[in-house]
Amino acid sequence: MGEFRTSDDCVAGGVAAALIGRNGHVYTGICVDLACSLGSCAEYSAIAEMLKARESEIDTIVAVCGSEIVPPAVGVVN
């Protein structure tokens, strides 16, 4: 984790997330913020990694920004 600029129009890594699937595997992701207002949350990125591994059940998820734990993106956890 740690924010970095990939181009004039893109910043990534300001928020990071990790989740543990029901099988115990850990999946991680970072946010991507684009100048055009598109992008993705770190939680969604971690979920995409989990889905690529053909897993679909989350046991635990956490997001961090700097040294602080932040609430997961709205709608990620029911």
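**Exercises: cysteines and strands**

C41 is partly exposed, with a relative accessible area of 29%; here buried means under 20%, exposed over 50% and partly exposed in between, using a 1.4 Å probe and protein chains only. The model is predicted, so to speak of local features a pLDDT of at least 70 is needed, side-chain atom pairs count only at pLDDT 80 or more, and totals for chains, interfaces and linings use all residues. Residues are numbered from 1 along each chain as its sequence is written, and side-chain values use heavy atoms, leaving out hydrogens and water.

**Exercise 1.** Find out how many disulfides the whole structure has.

*Solution.* Start with the criterion: a disulfide is a pair of cysteine sulfur atoms within 2.5 Å. Next, take C31, which is buried at a relative accessible area of 7%. Its closest cysteine sulfur, in C41, is 7.7 Å away, too far for a bond. The search of the whole structure finds zero disulfides.

**Exercise 2.** Work out which strands pair with β2.

*Solution.* First, locate β2 at residues 10–21, where nine of the 12 residues are buried. Strands (E, at least two residues) and helices (H or I, at least four) are DSSP runs numbered from the N terminus, and two strands pair if DSSP finds at least two bridges between them. Then look at β3 (residues 26–34): β2 pairs with it in the antiparallel sense over eight bridges, and A17 has G29 as its bridge partner. Four residues separate these two strands in a hairpin, with G24 in the turn at a positive phi of about 95°. Finally, β5 (residues 58–65) is antiparallel to β2 over six bridges, with I20 opposite T60.
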